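The sequence and structure are shown first.

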Amino acid sequence: MALAHDDFRIDPRVPGTDDYLRLRQASDLSAFSREAAEKGLPNSIFGVCLMHGDAVVGMGRIIGDGGCFFQVTDIAIMPEHQGRGLSKMIMAALTDYIDNQLPKTAYVSLIADVPANRLYQQFGFAETAPRSVGMARKVA
């Protein structure tokens, strides 16, 4: 898989800890400790890095139990590269993996910030309400 767009390309790998923490911070995603990232990243099902030259400027991951349940998470792009359709490259790579590698009975979910929900709809994701609603809990 070598998706490319202008000077950007998708590298099918989970980002390293430093890139992961940097991209989450720059994209205003919730912060995680280095210890949490170092523990969690190796347990990813699949990940992609959006590359600009040798620099990681975006990412996306699929996490889950490996058979039944999966979640798309960590879609992030450095602010200076946003607004160019690059998140579609990330989602296309993740969707390709979902369609071709996951069991056909897998349940794939995500939590969408508005207005990113419009992006995810383009890749077949639909709101689950009113049948179900997303819920979250942080560890105190």
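## Exposure of the paired rings

Y107 counts as partly exposed, at 43% relative accessibility; the classes are buried (under 20% relative accessible area), exposed (over 50%) and partly exposed (in between), with a 1.4 Å probe and protein chains only. F69 counts as exposed, at 52% relative accessibility. F46, by contrast, is buried, with a relative accessible area of 12%.

This is a predicted model, in which local features need pLDDT of at least 70 and side-chain atom pairs count only at pLDDT 80 or more, while totals for chains, interfaces and linings use all residues. Residues are numbered from 1 along each chain as its sequence is written, and side-chain values use heavy atoms, with hydrogens and water left out.

## Aromatic pairs

Two aromatic pairs are present in the structure. Rings of Phe, Tyr and Trp (its six-membered ring) pair if their centres lie within 6.5 Å; planes under 30 degrees apart count as stacked, over 60 as edge-to-face and the rest as tilted.

F46 and Y97 are stacked, because their ring centres are 4.2 Å apart and their planes are at 5°. F46 belongs to strand β3 (residues 46-52) and Y97 to helix α3 (residues 86-101), so this pair ties together parts 51 residues apart in sequence. Helices (H or I, at least four residues) and strands (E, at least two) are DSSP runs, numbered from the N terminus.

The pair of F69 and Y107 is edge-to-face, at 6.2 Å centre to centre and 65° between the planes. F69 in strand β5 (residues 69-77) and Y107 in strand β6 (residues 107-109) are 38 residues apart, and their pair links distant parts of the chain.
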